[in-house]
Every structure is written in structure tokens, then in C-alpha cells.
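Thanks, everyone. Let me put the structure up, and then we'll walk through it.

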Amino acid sequence: MKTHIILNLEGTYYLSEVLPHDKPSYLEHFKEKQIYDQTLNIPFPYTEANADWWINYVTESTLKIGKPIHWAIRNSDGKLIGGIGLNDFEIGKSYKTELGYWLAKPFWNKGIMTNAVKAVTDLGLNEYGLIRITAHVFDFNIGSAKVLEKAGYSLEGILRKNYQKDGKIFDGKLYAIVKE
């Protein structure tokens, strides 16, 4: 099945809609526990039911809003290698949102996510009418903090003892970009 390219990223990567045929890629990539360890909302182990729910949620959100707010990150072969999205907002009604993202481990440290964050941020600020986009990262997720900084986000604060996961409570960082 051919995907519709929504945004080209630098190199051979692009953003497109999330599709039902992405399910095997979700199941494959989310076997990597480190993705779970560095995100708040991706379950582990990741099941077929989780993938079905996500694909259905994204499809319904896009139909309801009329434009995508969650995208698949794909390589030149069209295979899903990551995801990025804007959470909890309505186009034309909300002035702010939160950015979330993940990338399959074999693609880390290649600049792909920085380019995706820049592209989605630009879309949010310039086409979706947003004024403020935030992103939360766990304090130990240095790679994600670097992605946001390279994409132009500023550290607004340390969120002390803000997250609870696997019986542990730990700090986070709040990043934001604001359209002046």
C-alpha cells in the first residue's frame, strides 16, 4: 500500500499518515524496552490490542479534526520507523499543545527526530494556529532533551518528582517553544 507523503524530512525520511498496515512495525519496534523506559504512554509489552487501539485512535482523530495531528515517520521504503504527534488540542480552537514522539532504536542519533520535531513544530505554529508547544522528557533521557534543544525548544523548568513509572518516582524536564 502506498502512503501519502505529508512532510518530507531532510534525507530519505518523511512523515505520512498512520495506516493499518503499520501494525507489524509497531509490534516489532516496541519490543525494544528502552523505548518504553523513555516514554510515559507506550506500554510494555506492546500487544496487538495496543497497536489496534492506537491505529484506530489516530484514524478517528484525523477524521474528526479533518487533518492529521499524529504522523508516522517512514524511511525511503515506506516502513514505519517512528511516530510524532500533537496531543490534546483542536485545530482552530486551541492555542497550545504537547508534542510527543518516539523513534525505533536503529535510527537513533541520525538527526531524523530533530528534523521531524522541527517539521511538526513549524506545521503547528504556522498552519494549525498554535502559539505554544510543550514537550516533557524524563530527566535521564538526554537524547530527547538534545532533540528538543536542536529543534529550537527552550528548557522552562525541572519538574521535580513529577513522574511515576514501574514503582519509581523521578524528575522530568519541561521544554517549550513559543511563537512571538
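Start with helix α4, residues 112-126. At 1.5 Å a residue, its 15 residues should span 21 Å, and the end C-alpha atoms are 21 Å apart, so the two agree. Keep in mind that this is a predicted model.

V117 sits in α4. Its relative accessibility is 0%, so V117 counts as buried. What does V117 contact, beyond its neighbours within four places in sequence? The list is I84, L99, Y101, V147, L148, A151 and Y153. For a distance, take A104. V117 and A104 are 13 residues apart in sequence, and their C-alpha atoms are 15 Å apart in space.

Next, a loop residue. T39 lies in the loop between α2 (33-37) and α3 (48-65). Buried or exposed? T39 has a relative accessible area of 14%, and the cut-off for buried is under 20%, so T39 is buried. Not counting residues up to four places away in sequence, T39 touches Y101, F138 and K165. Y101 is also on the contact list of V117. As for S76, it is 37 residues from T39 along the chain, and the C-alpha atoms are separated by 26 Å.

Now the whole chain. The protein has five helices and eight strands. From the N terminus the order is β-β-α-α-α-β-β-β-α-β-α-β-β. The radius of gyration is 16 Å, close to the 16 Å that the globule rule gives for 180 residues, so the protein is as compact as a globular protein of that length. The C-alpha trace spans about 45 × 40 × 30 Å along its principal axes.

How much is buried? Of the 180 residues, 46% count as buried. On contacts, take those between residues at least 6 apart in sequence: 58% of them join residues at least 24 apart.

Last, the surface and the charges. The accessible surface comes to about 9,900 Å², and 51% of that belongs to carbon and sulfur atoms. There are 22 positive and 21 negative charges, and their mean positions are 3 Å apart.

Notes: Residues numbered from 1 in each chain as written. Predicted model: local features only at pLDDT ≥ 70, side-chain atom pairs only at ≥ 80, totals over all residues. Heavy atoms only, no water. Helix = DSSP H or I, 4+ residues; strand = E, 2+ residues; numbered from the N terminus. Expected span 1.5 Å × (residues − 1). Buried < 20%, exposed > 50% of the residue type's maximum accessible area, 1.4 Å probe, protein only. Contact = heavy atoms within 4.5 Å. Rg over C-alpha atoms; globule rule 2.2 N^0.38 Å. Areas by Shrake-Rupley, 256 points an atom, 1.4 Å probe, with all protein chains shown as cover. Lys, Arg positive; Asp, Glu negative; His and termini not counted. Charge placed at Lys NZ, Arg CZ, Asp CG, Glu CD.
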